[in-house]
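Dear colleague,

Please find below the structure that I am handing over to you. My notes on it follow directly after.

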Amino acid sequence: MPGEQFKASPGTRDVLPPESRRWQALRAAFADLAGRSGYELVETPLFEDAGVFSRVGEGTDIVRKEMYVFEDKGGRTLALRPEGTAAVCRAFVQHRPQTPWKVWYVAQNFRYERAQAGRYRQHTQLGIEALGTEDPDVDVEVLWFGATYLREIGLRRVLLVLNSIGDAQCRPAYLDLLRAYLHERADRLCDEHRPRIDENPLRVLDCKRAACREATADAPRTVDHLCEPCQQHFQRVLEGLHALNVDYAIDHRLVRGLDYYTRTTFEFQATALETANSTVLAGGRYNGLVESLGGPPTPGIGFGSGIERVLLACDAEEAFPTPDRGVDVFVVDLVGGGAARDLTASLRERGIGADRAFEARSMKAQMKAADRSGARFAAIVGEDEDAAGAVTVRPLREEGEQELVPREKLVDHVKGLL
Ligand SMILES: [Zn+2]
Ligand SMILES: [Zn+2]
């Protein structure tokens with residue numbers, strides 16, 4: 001009886017070789033920059049008490065419509081992690097590490113949303129968080145990190161947009177101004193936002209619909225209504241970006257509708273992608289988040305960057321090509337497989353990528369496999385070589401004569417060639 005065939009669920013996908021090589025290389029590039037910048041890896045569970053996420057995101061689409069919530073057999077209400085920051089802050093509150101706490105993560109996030117290009121129900125984010133300091137130079141470091149990561153993987157058409165949205169001191173007065181402004185123009189707003197002016201006026205500013213955009217063309221701007229400390233913070237951030245040659249544009253519409261976001265908010269957009277899906281990295285400062293999770297008042301800033309979206313941007317720019325497999329030598333064994341077994345092991349143990357065929361295939365089949373493997377050299381052991389205790393080393397991808405090498409010298413010989 002044939003078994004039922006399954007496919008990956010809608011909105012999820014398999015990442016197979018050779019694509020997975022690119023994923024691996026991207027994570028490695030991020031990890032490398034994180035290591036150079038003093039950020040250490042943090043791993044949090046795939047699921048948490050749903051309260052961790054709902055408390056911090058109440059009123060957002062992520063929490064209201066897109067979170068995977070379930071009850072486990074012990075009656076706990078759990079949720080699959082919809083985003084990275086809340087889980088990292090929960091871990092901070094639980095373990096109280098020394099500050100500044102600078103960490104990075106690679107995390108699968110889950111959101112029940114409409115599947116479309118570059119948007120998945122399970123997607124993978126790379127991100128950093130720096131907790132415990134309000135120093136604007138940390139904002140600069142985080143922004144520089146984002147710009148450097150994207151540059152190091154080869155993206156060139158990237159635009160950093162940023163804004164400062166103030167804090168608990170200056171935002172209430174600004175929101176009053178904005179509400180008054182919006183009420184005067186309520187009839188011109190889109191259907192979704194007209195009834196929600198009082199509830200969350202900031203969201204009108206980042207509405208993508210033409211009606212809202214036109215009605216708010218000269219709405220009051222957060223940066224014009226910052227208190228003195230917020231102004232100084234923002235100035236220092238801009239100075240830092242100039243000093244480090246990080247280009248940016250200020251975008252007054254870049255606001256976050258949640259109370260715990262403060263001051264710096266930013267996005268890196270890949271201009272090679274369509275505007276609706278061009279954000280490749282986004283984040284901001286969140287000075288109230290740790291407190292909302294039961295911790296002491298602790299400022300923080302960070303960003304998340306979706307791997308799928310970043311790779312789409314790389315495709316659009318023909319950047320970050322798929323790396324080689326890392327197989328340097330393919331051992332072709334025509335004497336029963338023992339030579340291939342032993343030689344691949346010695347090559348690998350000495351740091352050389354090596355592979356082989358199985359099941360005593362013909363010379364022709366093994367040479368084909370050697371070509372497919374991407375190896376630079378074939379190490380061939382036929383009957384003559386076996387009798388002489390030698391190996392024929394044949395270049396596969398470059399000009400050059402083949403050479404007969406004593407078997408015990410193979411590893412050193414190959415090292416000399418690579
Ligand atoms: Zn709107
Ligand atoms: Zn302020």
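Helices in these notes are DSSP runs of H or I with at least four residues, strands are DSSP runs of E with at least two, and both are numbered from the N terminus. P18, for instance, lies in the segment before helix 1.

This is a predicted model, in which local features need pLDDT of at least 70 and side-chain atom pairs count only at pLDDT 80 or more, while totals for chains, interfaces and linings use all residues. Residues are numbered from 1 along each chain as its sequence is written, chains are lettered from A and ligands numbered from 1 in the order in which they are written, and side-chain values use heavy atoms, with hydrogens and water left out.

Helix packing

Two helix pairs involve helix 5. Helix 1 (residues 19-36) and helix 5 (residues 136-152) have axes that come within 10 Å and cross at roughly 140°. Axes here are lines fitted to C-alpha atoms, for helices over the stretch in contact, with angles from 0 to 180 degrees between N-to-C directions. Helix 1 and helix 5 are therefore oblique to each other; angles under 35 degrees count as roughly parallel, over 145 as roughly antiparallel, 65 to 115 as roughly perpendicular, and the rest as oblique. The crossing of helix 1 past helix 5 is right-handed, a term used if the near helix is turned clockwise from the far one by less than a right angle, anticlockwise being left-handed. On the helix 1 side, the contact (heavy atoms within 4.5 Å) is made by L26, F30, L33, A34 and R36, and on the helix 5 side by W144, F145, T148, Y149 and E152. By type, these residues divide into 7 nonpolar, 1 polar and 2 charged. In this scheme Ala, Val, Leu, Ile, Met, Phe, Trp, Tyr, Cys and Pro count as nonpolar, Asp, Glu, Lys and Arg as charged, and the others, Gly among them, as polar.

The axes of helix 5 and helix 9 (residues 228-243) come within 8 Å and cross at roughly 40°, so this pair is oblique too. Helix 5 passes helix 9 in a right-handed crossing. Here P136, D137, D139, V140 and L143 of helix 5 meet H233, R236, V237, G240 and L241 of helix 9, a set that divides into 5 nonpolar, 2 polar and 3 charged residues.

Nonpolar cores

A nonpolar core is a set of buried Ala, Val, Leu, Ile, Met, Phe, Trp, Tyr and Cys residues joined through side-chain atoms within 4.5 Å. Buried means under 20% relative accessible area, exposed over 50%, and partly exposed in between, with a 1.4 Å probe and protein chains only. In the largest core, of 47 residues, L26, Y149, L150, I153, F266 and F268 touch the most other members. Helix 5 gives the most to this core, with 8 residues. A second, separate core of 43 residues includes V63, L178, C207 and Y261.

I153 is in contact with L26, A29, V310, C314, A319 and F320, leaving aside neighbours within four places in sequence. F320 itself sits in the loop between helix 11 and strand 12 and is buried, with a relative accessible area of 14%. Not counting residues up to four places away in sequence, F320 touches R22, A25, L26, I153, L311 and C314. The C-alpha atoms of F320 and G154 are 5.9 Å apart in space, although the two residues are 166 apart in sequence.

A270 belongs to strand 9 (residues 262-270) and is buried at 0% relative accessible area. Its C-alpha atom is separated by 8.5 Å from that of R156, 114 residues apart along the chain. Beyond residues up to four places away in sequence, A270 touches R157, S278, V280 and A313.

Backbone points to check

Most residues other than glycine have a negative phi, and most peptide bonds are trans. A cis peptide bond joins P17 and P18, with omega about 5°. Another cis bond joins T99 and P100, with omega about -5°; P100 is placed in the loop between helix 4 (84-95) and strand 5 (101-110).

Positive phi values occur at N245, near 55°, and at E318, about 50°. N245 is in the loop between helix 9 and strand 8 (249-250) and is exposed, with a relative accessible area of 68%. E318 is in the loop between helix 11 (307-317) and strand 12 (329-333) and is likewise exposed, at 76%.

With kind regards
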